[in-house]
Amino acid sequence: RLLPETALGEVATGLVFFAIFAGIGDLGTTKTVVRHVSANTDLLWPIVRTALWRRVLGGLASGVVVVVGLAVAGAAVRPIVVALAAVAAAASGCTEIAFAALRTLAHSRTEQAVLILERIGFIAIAVGLIQLGGGSVSILVLYVVTNVISGTVTTVAVLRRRSPIKTAHSVPSLWDAEARRTALGFALFTVTPRIGPAVLALLVAPAVVAEFSVAYRPAEGIALFALAAGVPLLPILRTHVLAGRQQAIEQGTAAVVRVLGAALTPFVVVFIGWPELIIWTLTGSEVYGSANQTLAILGLIVFTWNFRGIGESLLYAQERA
């Protein structure tokens, strides 16, 4: 509502590249951490520490490659927007690794607190920045800062829960065959839905990107919210797999499919049947009127992303990446 179309388009472009860098730079670490920590919680910190430096290097390296490539190609996207997206993705990746480890220990309170405080803090400060004349770059810088703070807090939370016992166990490889397949699978799962928005950002004016983003964000937001609700499924399934409880695996997966399917259906119906209601509620104006048709087309991704996510969790738990 507050940002001009061009600035909103640049912020949307930055967030698209943020998601791409998060998918590529993750290198399968968030899923591999769950696989190994579930098997031996005494190795919590050595596994998380290895995953953290791998994640940071992966995120920054992918960002450098893309920034250089766009500069050479003479793309319309400003390099600073993509660079900030890469740094934010690396910081966010550290948070995700810590969250994954804490969930495996059946400790989610830190995640709840950090997510709520980070979002509230970002929105409150961002609104102030915009009212003071700040543009897209200042918003993305703030996004980097809030992600760095979250990454630091959650990493400290993991450190506090590491085992005080010196174990003789060797730290498992985070780049074995299954981890490599996990890295590729996670990158495909995360990046493929963003290829369309990324190509759009490279080919058209920021104002058009803004219009597409207004339609894309509601569907993506609800899908990601539901995916987040299903995230604890992976460590639960992994525990059942290690214990050989096949019936519990099948019942747990089926229950999540039913619950999420029922919860998402009303949103999909509104997105497809009354998209103008959503667009008007978000923007409060007719500026993005043609986004209505786009949202109606994109409504089904709410279902597809989540059923893919549930299947992904089941396959990772069974080491079938």
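Tutor: Residues are numbered from 1 along each chain as its sequence is written. The model is predicted, so local features need pLDDT of at least 70, side-chain atom pairs need 80 or more, totals for chains, interfaces and linings use all residues, and side-chain values use heavy atoms, without hydrogens and water.

Student: How many aromatic pairs does a search of the whole structure find?

Tutor: Rings of Phe, Tyr and Trp (its six-membered ring) pair if their centres lie within 6.5 Å. Planes under 30 degrees apart count as stacked, over 60 as edge-to-face and the rest as tilted. Searching the whole structure turns up 5.

Student: Is the pair of Phe-122 and Tyr-143 stacked or edge-to-face?

Tutor: Look at the rings of Phe-122 and Tyr-143: their centres are 5.5 Å apart. Their planes sit at 70°, so the pair is edge-to-face.

Student: Which helices does that pair link?

Tutor: Helices here are DSSP runs (H or I, at least four residues), numbered from the N terminus. The two residues are 21 apart, and the pair links distant parts of the chain. Phe-122 is in helix α5 (residues 109-131), and Tyr-143 is in helix α6.

Student: Does Tyr-143 count as buried or exposed?

Tutor: Buried means under 20% relative accessible area, exposed over 50%, and partly exposed in between (1.4 Å probe, protein chains only). Tyr-143 has 19% relative accessibility, so Tyr-143 counts as buried.

Student: Are the rings of Phe-212 and Tyr-216 stacked or edge-to-face?

Tutor: Both residues lie in helix α9, 4 residues apart, which is about one turn of the helix. Phe-212 is partly exposed at 22% relative accessibility, while Tyr-216 is buried at 6%. Their ring centres are 5.4 Å apart and their planes are at 20°, so the pair is stacked.

Student: What span does α14 reach from its first C-alpha to its last?

Tutor: Start with the count: α14 has 17 residues. The expected span of a helix is 1.5 Å times one less than its number of residues. For α14 that expectation is 24 Å, and the helix comes close to it, reaching 24 Å.

Student: What do the buried residues of α14 pack against?

Tutor: The buried residues of α14 include Phe-303, Trp-305 and Tyr-316. Contact means heavy atoms within 4.5 Å. The packing partners are α2, α7 (177-191), α9 (206-230), α10 (233-243), α11 (246-273) and α13 (291-298).

Student: Where is Leu-27 found?

Tutor: Leu-27 also has a positive phi, near 55°. Leu-27 is partly exposed, with a relative accessible area of 24%. You'll find Leu-27 in the loop between α1 (5-25) and α2 (29-39).

Student: What separates the C-alpha atoms of Val-231 and Ser-38?

Tutor: Val-231 sits in the loop between α9 and α10, partly exposed at 27% relative accessible area. Along the chain, Val-231 and Ser-38 are 193 residues apart. Their C-alpha atoms are separated by 15 Å.
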